[in-house]
Amino acid sequence: TNLTVDSGSMISADNQGVMIGPGTMTDNRSGGSYGGKGYTAEESYVYGSAIYPKDLGRGGAIQREYHKGGGAIWLEVSDTITNTGVISANGGQSSSGGSVYVNTKNLDGSGVFRANGGGLASTAIFYFPGGGGRTAIHYDNSSFTGDVEANYGSGHVGYPDLNVGEGGTAGLFDKKNNILYIDNDWEFTVEDSPFTIDKIVVSGMAKVRFQEDAEIDIGDFVVDEMSELILTG
């Protein structure tokens with residue numbers, strides 16, 4: 001009915017995905033993909049739903065037990081979730097982030113929901129950073145002031161080159177008013193098509209992408225604060 005994660009506490013599925021799967025491109029020392037591409041990976045390796053993310057993250061080209069993608073956290077809370085700590089499904093080195101999917105009536109707190117990709121893996125050779133996972137928080141009422149993340153992994157082989165994966169998808173869904181808030185990365189996917197929503201607000205230098213052939217129907221679309229809207233295909 002209610003769930004509270006206090007400051008300093010964590011619910012974690014970090015590194016609890018799989019080593020190899022549909023997001024694993026085994027050549028070019030690629031990072032794992034899920035919500036976003038691993039570094040040097042191809043778009044076809046991105047998979048899953050951005051709106052209802054429940055998949056496991058995948059590892060990259062490096063095939064070792066401790067380089068897994070992020071796991072999957074699915075929380076159904078009928079009244080209130082208060083998160084002043086961390087709810088996390090980060091990937092291991094060179095792996096993609098996993099999934100954090102929350103469905104609740106009331107959302108409160110100042111903590112973090114995250115499914116971030118892992119950074120550069122250094123072995124006998126380098127394996128590149130992973131892409132971000134997927135985070136989606138659905139609520140009726142919110143006083144939440146924290147962060148929702150699906151960031152790429154990073155790391156560089158040699159200065160000045162900086163190698164980064166691609167950001168995954170992170171959004172806050174106001175179910176009562178049918179509004180999607182994005183202040184991180186997001187991609188509208190073919191898997192979620194057709195998608196209809198009354199309003200989308202993109203802010204905070206977010207980058208919003210569209211997969212080729214993705215279909216959405218939007219009432220109002222607000223893009224501000226140096227954010228980017230990227231159409232591909």
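# Briefing: cavity lining, aromatic pairs and selected residues

The largest cavity is lined by Ala50, Ile51, Trp186, Glu187, Phe188, Thr189, Asp192, Ser193, Phe195 and Ile216. The model is a predicted one. Among the lining residues, Trp186, Phe188 and Phe195 also belong to one aromatic cluster, together with Phe173 and Phe210. The points below take up the cavity, the aromatic rings, several individual residues and the backbone.

**Cavity**

- The count comes to one cavity of 30 Å³ or more.
- The volume of the largest cavity is about 30 Å³.
- Strand 16 contributes the most to the lining of the largest cavity, with three residues.

**Aromatic pairs and cluster**

- Nine aromatic pairs are present in the structure.
- One of them joins Phe173 and Trp186 in an edge-to-face arrangement, with 5.8 Å from centre to centre and 65 degrees between the planes.
- Phe173 belongs to strand 14 (residues 169–174) and Trp186 to strand 16 (residues 185–188), so the pair ties together parts that lie 13 residues apart in sequence.
- Both Phe173 and Trp186 are buried.
- The cluster that holds this pair consists of Phe173, Trp186, Phe188, Phe195 and Phe210.

**Charges over rings**

- Lys54 is placed over the face of Trp74, 3.8 Å from the ring centre.
- Arg134 has its charged end over the ring of Tyr34, at 5.2 Å from the centre of that ring.

**Thr135**

- Thr135 is located in strand 9 (residues 134–139).
- With a relative accessible area of 0%, Thr135 is buried, because the cut-off for this class is under 20%.
- Residues up to four places away in sequence aside, Thr135 touches Pro53, Val100, Phe113, Arg114, Ala115, Val148, Glu149, Ala150, Thr169, Ala170 and Gly171.

**Asn90**

- Asn90 occupies the loop between strand 4 (86–88) and strand 5 (99–108).
- A polar atom of the Asn90 side chain lies 2.8 Å from the backbone nitrogen of Asn116.

**Ile11**

- Ile11 is part of strand 2.
- At a relative accessible area of 28%, Ile11 is partly exposed.
- Ile11 touches Leu3, Val5, Ile73, Val86, Ile87 and Ser88, with residues up to four places away in sequence left out.
- Between the C-alpha atoms of Ile11 and Ser96, which are 85 residues apart along the chain, the separation is 18 Å.

**Gln63**

- Gln63 sits in the loop between strand 2 (10–12) and strand 3 (72–83).
- Gln63 is partly exposed, its relative accessible area being 38%.
- Through its side chain, Gln63 reaches the backbone oxygen of Gly60 at 2.9 Å.
- Apart from neighbours within four places in sequence, Gln63 is in contact with Met19, Ile20 and Thr24.
- For Thr24, 39 residues from Gln63 along the chain, the C-alpha atoms of the two residues are separated by 9.8 Å.

**Backbone geometry**

- Most residues other than glycine have a negative phi, and most peptide bonds are trans.
- The peptide bond from Ser193 to Pro194 is cis, with omega near -10 degrees.
- Pro194 lies in the loop between strand 16 and strand 17 (195–202), and Ser193 is among the residues lining the largest cavity.
- Asn28, although not a glycine, has a positive phi of about 60 degrees.
- Asn28 lies in the loop between strand 2 and strand 3, and with a relative accessible area of 48% this residue is partly exposed.
- Glu225 is likewise not a glycine and has a positive phi of about 55 degrees.
- The loop between strand 19 (216–223) and strand 20 (228–231) contains Glu225.
- Glu225 has a relative accessibility of 52%, so this residue counts as exposed.

Key: Residues numbered from 1 in each chain as written. Predicted model: local features only at pLDDT ≥ 70, side-chain atom pairs only at ≥ 80, totals over all residues. Heavy atoms only, no water. Helix = DSSP H or I, 4+ residues; strand = E, 2+ residues; numbered from the N terminus. Buried < 20%, exposed > 50% of the residue type's maximum accessible area, 1.4 Å probe, protein only. Contact = heavy atoms within 4.5 Å. Polar contact = N/O pair within 3.5 Å; in protein donor to acceptor, adjacent residues only side chain to side chain. Phe/Tyr/Trp six-rings, centres within 6.5 Å; stacked < 30°, edge-to-face > 60°. Lys NZ or Arg CZ within 6 Å of the ring centre and 35° of its normal. 1 Å grid on protein atoms, 1.4 Å probe; cavity = no way out; pocket = protein on both sides within 12 Å on 5 of 7 lines; lining within 4 Å. Points joined across faces, edges and corners; volume = space filled by probe spheres on them.
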